[in-house]
Amino acid sequence: MRSKIIEQDIEHIISDSENYLSKLDGKNILITGGNGFIPSYLVDTFVTFNKKLKNPCKLTLLNKNLITEKSRLSHLLDDLNVKFIKQDVGREFRVCGNPDI
């Protein structure tokens with residue numbers, strides 16, 4: 001669930017950072033606390049920019065709490081390029097695959 005203000009922010013971020021974001025083409029990205037305020041902006045920015053990439057980046061998001069329909073990133077629950085994992089990063093864990101970033 002994204003507000004119009006967040007959408008405008010993301011478009012502004014993308015317009016200012018397109019050269020840097022284009023380097024994410026085909027990358028696997030691990031983000032901890034993805035549902036938090038700042039990480040969720042990153043996630044939304046990457047997902048929005050994926051539409052411009054030839055090979056979309058894949059996001060693995062570790063969150064202490066389960067993502068539900070009321071969560072900040074609930075609009076991404078069905079996005080095939082986003083994988084949510086319920087995990088406390090303060091405890092030992094393993095991530096399947098090999099994150100690039």
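**Close-up views of a predicted α/β model**

Among contacts in the protein (heavy atoms within 4.5 Å) between residues at least 6 apart in sequence, 69% join residues at least 24 apart. The model is predicted, so local features need pLDDT of at least 70 and side-chain atom pairs count only at pLDDT 80 or more, while totals for chains, interfaces and linings use all residues. Residues are numbered from 1 along each chain as its sequence is written, and side-chain values use heavy atoms, with hydrogens and water left out.

**View 1. Overall arrangement of the protein.** The protein contains 2 helices and 3 strands, which follow the order α-β-α-β-β from the N terminus; helices (H or I, at least four residues) and strands (E, at least two) are DSSP runs, numbered from the N terminus. Its C-alpha atoms fill a box of roughly 35 × 30 × 20 Å along the principal axes. The radius of gyration is 13 Å, which agrees with the value near 13 Å for a compact globule of 101 residues; this radius is taken over C-alpha atoms, and the globule rule is 2.2 Å times the number of residues to the power 0.38. Of the 101 residues, 33% count as buried, a term that means under 20% relative accessible area, with exposed meaning over 50% and partly exposed in between (1.4 Å probe, protein chains only).

**View 2. Helix α2 and its packing partners.** Helix α2 covers residues 37-49, and its 13 residues reach 19 Å from the first C-alpha to the last, close to the 18 Å expected at 1.5 Å a residue. The expected span is 1.5 Å times one less than the number of residues. Buried positions in α2 include S40, Y41, V43, D44 and F49. The buried residues of this helix pack against α1 (4-21), β1 (28-32), β2 (58-63) and β3 (82-86).

**View 3. Surroundings of T48.** T48 is found in helix α2 and is buried, with a relative accessible area of 11%. Leaving aside neighbours within four places in sequence, T48 is in contact with R2, I10, E11 and I14.

**View 4. Surroundings of V95.** V95 lies in the segment after β3 and is partly exposed, its relative accessible area being 22%. When residues up to four places away in sequence are not counted, V95 touches L30 and T60. The C-alpha atoms of V95 and T32 are separated by 11 Å, although these residues are 63 residues apart along the chain.
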